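Subject: Handing over a structure

Hello,

I am passing a structure on to you, and I hope you enjoy looking through it. Below it you will find some notes on what turned up.

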Amino acid sequence: MKARNTWNICFAVFLILLSNRTSPVSAQTYDFTTLAGSASQGSNDGTVANARFFAPQGVTVDVQDNVYVADSDNSDIREITPAGVVTTIAGQAGVSGYADGTGTNALFFLPKSIVADASGNLYVVDTWNEVIRKLTPAGSTWVVSTLAGQAGVAGFANGAGTNAAFNQPTFATVDGAGNLYVADQDNDVIRKITPLGLVSTIAGQVGSDVSLDGTNDTAQFASPDGITVDGLTNLYVTDGDNTIRRMTPVGTNWVVTTISGQANQYGSADGLGTNALFSGPAGLTVDTNDNLYVADAFNKTVRKLAPLGTNWMVSTLAGQAGAQGSADGTNSAARFGSPIGLATDNAGDVLVADVNNNNIREITPVGTNGVVTTLAGIGPGAADGPGSEARFWSTTGIAVDASNNVFVADAYNSTVREIATNGVVSTIAGMAGSPGSSDGTNSQARFYYPQDVAVDNHDNVYVADIFNNTVRKMTPTGTNWVVTTLAGNSSAPPAETDGAGTNALFYNPTGIAVDANTNLYVTDSSGETIRKISLVGTNWVVTTIAGSAQTSGSTNGIGTNALFFEPHGIAVDNASNVYVADTVNDTIRKLSPLGTNWVVTTIAGQPGISGSSDGPGANALFYFPEGIAVDKIGNLYVADSFNDTLRRLTPSGTNWISSTIAGQVQIPGSADGIDTNALFYIPEGIAPDNSGDLYVADTYNNTVRLGRVISGPPLQISFAGAQLLLSWPDTGNYTLQTNGSLSAAGWADCGNAFTTANGTNNVAITPANAQLFFRLAGP
């Protein structure tokens with residue numbers, strides 16, 4: 001059956017507003033597509049280039065070089081064959097739970113790691129279920145069972161199978177005899193599980209959370225994380241105090257020593273033994289030559305520990321300390337998002353579960369070099385090019401000029417990008433991966449995580465440069481862009497100081513808007529204020545128009561008597577009213593000019609009450625709204641970030657009616673589609689163009705989305721006492737649908753009979769609910 005188009009009127013009728021009048025409503029819906037970029041997170045199976053992962057943390061390799069991935073945020077287990085095909089072998093993407101069974105009938109809850117034994121069995125540390133699972137191959141499928149632990153019961157107990165208890169187990173390794181060793185992180189101990197499922201504690205003291213060498217339970221760990229085993233059954237553990245520990249079997253005992261790193265010292269220094277420093281070491285693995293490899297997560301690097309007599313020489317195999325990214329390359333030219341899980345394959349290559357990049361990387365040791373490539377999935381990036389070939393990294397702010405050129409604040413790349421009307425993406429200012437504060441032309445300029453952009457009537461672009469605590473101006477000069485700092489001082493401590501140019505100070509400016517007179521409005525997020533920047537002569541003068549410096553709250557009032565709580569998005573309409581997404585308050589605020597003052601009111605949402613309800617004023621609820629924009633007729637559009645939705649606020653007298661126009665509440669995704677069939681992942685920026693189409697900075701998808709208006713037939717609504725009289729053209733076989741809550745599943749055909757006269761369908765409804773939404777569904 002062919003699906004019907006749905007023309008979302010999103011027109012709410014509230015009984016308290018009933019009166020004898022007629023209100024024509026243009027049915028409007030949006031068809032969303034991905035304009036530029038490609039979502040890195042997902043659950044698609046297929047070739048390694050088309051497959052998607054969602055925060056994978058664990059990786060292992062079997063004797064046949066099949067790679068298995070604990071795809072943590074998808075709560076499933078994936079296989080990558082040597083032929084480069086990715087399939088889901090157990091669990092269901094996006095469905096967290098606990099169930100044993102075959103293949104996708106089994107359920108996991110954010111599994112952390114995975115390891116294969118010599119017989120082809122897989123073991124999964126199902127961290128949030130507090131259990132260890134076993135996957136046994138059965139022909140073309142896998143049978144999932146629980147080897148040890150009690151689902152949903154955190155604790156400490158030795159014993160057989162489900163009589164044992166764990167507390168946030170993280171990584172596991174298996175020896176040649178089939179014994180499993182588990183880092184039981186929140187218990188601060190190392191556990192052993194025999195092939196029969198008997199659990200014992202071989203080292204550490206429960207709840208110690210300190211680092212101390214010793215034997216068995218005289219040794220202590222501080223939140224052990226990664227674990228691996230060599231051919232002689234020596235165990236190696238990454239400890240939460242930034243050290244690497246070795247556990248040597250001596251008879252029935254285990255002797256624990258620290259071989260590298262210094263307890264509670266963070267750093268990235270290479271060197272011999274304890275002269276080396278780590279920062280958040282996670283997974284680790286060992287090759288056939290007894291070299292150790294460590295995922296140094298906070299440093300964004302992979303380290304190598306080569307045995308040197310009784311000591312260990314530490315070097316950085318790949319990545320650059322403190323430099324986050326997704327670039328392939330050799331040694332320090334490569335970038336990682338956050339390496340967590342490691343494994344070595346039969347050729348000695350190191351596989352990396354790069355959690356923040358949503359992909360699996362491969363490091364091929366060539367002499368002393370580590371050559372990094374991407375094995376499966378894609379990460380964020382900085383590539384320019386047409387549409388889906390371009391890459392972004394945290395699209396946070398967006399603006400559209402009169403010619404429909406789109407400007408994007410590409411935050412983690414510290415750049416500003418332009419999407420031309422032909423869909424080609426270019427970097428017009430800043431240099432990817434090189435944050436800074438320099439003014440200059442094009443790539444000579446530097447930004448530090450720019451958060452938002454605005455464009456004026458002369459095609460100048462303005463940037464809220466959050467970590468520089470400045471506001472920047474980009475002036476087009478031929479094909480170049482000249483970047484200058486018009487207000488704020490990147491060298492000064494953050495503060496709320498008014499003044500001209502660099503004498504003014506900001507504290508994490510996050511949102512920016514410009515009015516028809518080139519006045520700028522800025523949400524100074526950590527300063528809890530709203531600032532105005534006006535050109536006076538040749539100077540840009542900054543004043544605080546609302547909020548009290550570094551004082552959070554939700555009070556309405558005049559100017560600095562009003563309070564905000566980390567406001568992010570900001571917009572200004574043709575009448576100079578300013579609208580603010582008051583993010584942590586979960587509200588939408590309005591600043592109305594009154595002489596030289598500004599009157600602050602709350603027009604939607606309730607302070608401190610998160611939710612997703614539509615409706616008028618305070619009946620509407622939001623969850624961390626970050627982006628806001630206004631169209632030419634005064635409708636507001638909100639990127640309701642933590643709800644993963646887009647909202648529209650329509651003025652109705654002195655009230656504002658909120659409706660959800662796209663996305664589904666707290667269902668992240670990247671699907672294109674019409675209205676709520678489209679999915680988003682924490683969108684932070686939104687901007688309409690002059691035709692009413694919407695551009696969205698889909699932040700966690702690292703994409704820019706475009707919602708094109710699809711205009712349906714007009715719906716006429718009038719009021720007669722307690723009845724609603726609705727009419728629409730008798731063309732196209734449109735069906736009237738109603739919904740009491742605007743939930744995606746709440747739409748149903750109106751059961752009331754309607755009459756047709758003079759080419760118009762007419763129906764009378766007596767609402768049973770305090771609010772009703774209407775839309776027309778067409779063929």
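Helices (H or I, at least four residues) and strands (E, at least two) are DSSP runs here, numbered from the N terminus. With that in mind, the protein has 67 strands and 0 helices. Its radius of gyration, taken over C-alpha atoms, is 29 Å, close to the 28 Å that the globule rule (2.2 Å times the number of residues to the power 0.38) gives for 779 residues, so the protein is as compact as a globular protein of that length.

Please keep in mind that this is a predicted model, in which local features need pLDDT of at least 70 and side-chain atom pairs count only at pLDDT 80 or more, while totals for chains, interfaces and linings use all residues. Residues are numbered from 1 along each chain as its sequence is written, and side-chain values use heavy atoms, with hydrogens and water left out.

Now the overall picture. Along the principal axes, the C-alpha atoms fill a box of roughly 90 × 65 × 45 Å. Of the 779 residues, 58% are buried, where buried means under 20% relative accessible area, exposed over 50% and partly exposed in between (1.4 Å probe, protein chains only).

Next, the strands, where two of them pair if DSSP finds at least two bridges between them. In general, strands of a sheet pair through backbone hydrogen bonds, either parallel or antiparallel. Ser 534 stands opposite Val 541 of strand 47.

Strand 39 (residues 450-455) is worth a look too: 6 of its 6 residues are buried, so it is largely enclosed by the rest of the structure. It runs antiparallel to strand 40 (residues 461-465), with 5 bridges between them, and Val 455 stands opposite Val 461. This hairpin has 5 residues between its strands, and Asp 459 takes a positive phi near 70°.

Finally, the aromatic rings. Rings of Phe, Tyr and Trp (its six-membered ring) pair if their centres lie within 6.5 Å; planes under 30 degrees apart count as stacked, over 60 as edge-to-face and the rest as tilted. That rule gives 19 aromatic pairs. One of them joins Tyr 181 and Trp 254: the centres are 5.8 Å apart and the planes at 70°, so the pair is edge-to-face. Tyr 181 lies in strand 15 (residues 180-184) and Trp 254 in strand 22 (residues 253-260), 73 residues apart. Both Tyr 181 and Trp 254 are buried. Tyr 623 and Phe 642 also form an edge-to-face pair, because their ring centres are 5.3 Å apart and their planes at 85°. Here Tyr 623 is partly exposed, at 29% relative accessible area, and Phe 642 is partly exposed at 32%. Elsewhere, ring pairs link Trp 393, Tyr 412, Tyr 448, Tyr 449 and Phe 467 into a cluster.

Best wishes
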